[in-house]
Amino acid sequence: MRARIRKGLDRRVQECENVLLREPEQYKGHWHTVFGNNAPIHLELGCGKGKFTVETAIAHPEINLIAVEKVENILVLAMEKAMEAEVRNLRFLNIDAKNLTDIFAEHEIDRIYLNFSDPWPKKRHAKRRLTSERFLPIYRQILTENGAVHMKTDNRALFDYSLQSFEDNGYRLEHVTFDLHHSDFKDNIMTEYEMNFSSQGYPIHRLEAYLK
Ligand code: SAH
C-alpha cells in the first residue's frame, strides 16, 4: 500500500479505537470483562462494511457482538458506522477467522454469524470456505453447548456444500430455507451483499446449525 494511503487509513483506524480491540488474545477466557456484563456473546465472521453487525447490535442491546474482518480497509468502514451509531455492545477484531482458538476459550461464544462468506468455488480451495471441515471443529470448540451457526448466502453451490459439511461434522440443521425473503422468518436484518443480490432477483438461502 502506498505510504500516503497507508497513513490515511492508520489515522481513520486510530479514530475508531473505542470499538477496535487490538491484541485480542489477551481477552481469551474472560471476554465478558470486555463488555462488563454476562450477556451472551455473538460473533460475526467476515462482517464486511458492517451494516448487519451495526443494525444487529442496535436491535439487540441484550447481547454482545464481536465482528471479525480480515481486510483492514473494509473493516474501517464498519467501525466508522459503529462509531457514528454510538453502539456500546459491539467490538471489532482485525483478524483471520482461522485464528479464532487463539482468541476465544472453549464455550465462550453463543452464536456465530456467517453472512455471504467467500464461496471459493474451486475444489482445491474448498478448505478456505468458512463452512469447511477445517472451520467447523473450531466453531464447535468455541461455541457453548446450545450454540449455533447462522448462515446466509446467495450462492447455491456454497449453501449445498455447507449443508453437507455441517452434517458430516456432527451439527444438526434447523430452519433451512432456500428463499429467505419468501419464508416465514421474521426480523431479518439485511447485509450489504444481501441488499445487492436480492435486488437483482437472486434468492437468499439461510440455515441454522446446532451442536448435537
Ligand atoms: N458479510 C458481509 C460481507 C460479505 S463478503 C455482507 O454480507 O455484506 C465476505 C467478507 O468476509 C469479506 O469482507 C472478506 O474480507 C471477509 N473474510 C473472508 N474470509 C475471512 C476470514 N477467514 N477471516 C476474516 N474475514 C474474512
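In this short talk I will go through the strands, the helix contacts and a few loop residues of the structure shown above.

Before we look at details, please keep in mind that this is a predicted model, in which local features need pLDDT of at least 70 and side-chain atom pairs count only at pLDDT 80 or more, while totals for chains, interfaces and linings use all residues. Residues are numbered from 1 along each chain as its sequence is written, and side-chain values use heavy atoms, with hydrogens and water left out.

Let me start with the sheet. The helices (H or I, at least four residues) and strands (E, at least two) that I mention are DSSP runs, numbered from the N terminus. Seven strands make up an open sheet, and their order across it is 3-2-1-4-5-7-6, with mixed pairing. At the edges stand strand 3 (90-93) and strand 6 (171-177), each of which has a single partner strand, so one side of each is left without a neighbour in the sheet. From one strand to the next, the twist averages 20°.

How do strand 1 (residues 41-45) and strand 2 run, and how many bridges join them? They run parallel, and five bridges join them, with Glu 44 standing opposite Ala 67 in strand 2. Strand 1 also pairs with strand 4, again in the parallel sense, over four bridges, and here Tyr 113 in strand 4 is the bridge partner of Glu 44. Moving on, strand 4 (residues 109-115) runs parallel to strand 5, to which six bridges join it; Leu 114 stands opposite Met 151 in strand 5, and Arg 111 stands opposite Ala 148. Strand 6 and strand 7 (residues 205-211), by contrast, pair in the antiparallel sense over five bridges, and in strand 7 the bridge partner of Leu 173 is Ala 209.

Next, how covered are these strands? I will call a residue buried under 20% relative accessible area, exposed over 50% and partly exposed in between, using a 1.4 Å probe and protein chains only. In strand 2 (residues 64-68), five of the five residues are buried, so this strand is largely enclosed by the rest of the structure. Asn 64, Ile 66 and Val 68 point one way from strand 2, whereas Leu 65 and Ala 67 point the other way, and all are buried. Strand 4 is also largely enclosed, because five of its seven residues are buried, and strand 5 (residues 143-153) is mostly covered, with nine of its eleven residues buried.

Now I turn to the helices. Axes are lines fitted to C-alpha atoms, for helices over the stretch in contact, and angles run from 0 to 180 degrees between N-to-C directions. The axes of helix 3 (residues 51-59) and helix 4 (residues 72-85) come within 9 Å and cross at roughly 25°. These two helices are therefore roughly parallel to each other, a label for angles under 35 degrees, whereas angles over 145 count as roughly antiparallel, 65 to 115 as roughly perpendicular and the rest as oblique. Contact, which means heavy atoms within 4.5 Å, is made by Lys 51, Val 54 and Ile 58 of helix 3 and by Ala 78, Lys 81, Ala 82 and Ala 85 of helix 4.

Helix 4 has a further contact, this one with helix 1, and the axes of that pair come within 10 Å and cross at roughly 35°. Here Arg 6, Leu 9, Arg 12 and Val 13 in helix 1 meet Glu 72, Asn 73, Val 76, Leu 77, Met 79 and Glu 80 in helix 4.

Finally, some loop residues. Is Val 19 buried or exposed? Val 19, in the loop between helix 1 and helix 2, is buried, with a relative accessible area of 4%. Leaving aside neighbours within four places in sequence, Val 19 is in contact with Met 79, Met 83, Leu 90, Arg 91 and Phe 92.

Most residues other than glycine have a negative phi. Glu 23, however, has a positive phi of about 45° although it is not a glycine, and at 62% relative accessibility Glu 23 counts as exposed. Asp 187, in the loop between strand 6 and helix 8 (192-199), has a positive phi of about 60°, and at 73% relative accessibility Asp 187 counts as exposed.

Methods
Two strands pair if DSSP finds at least two bridges between them.
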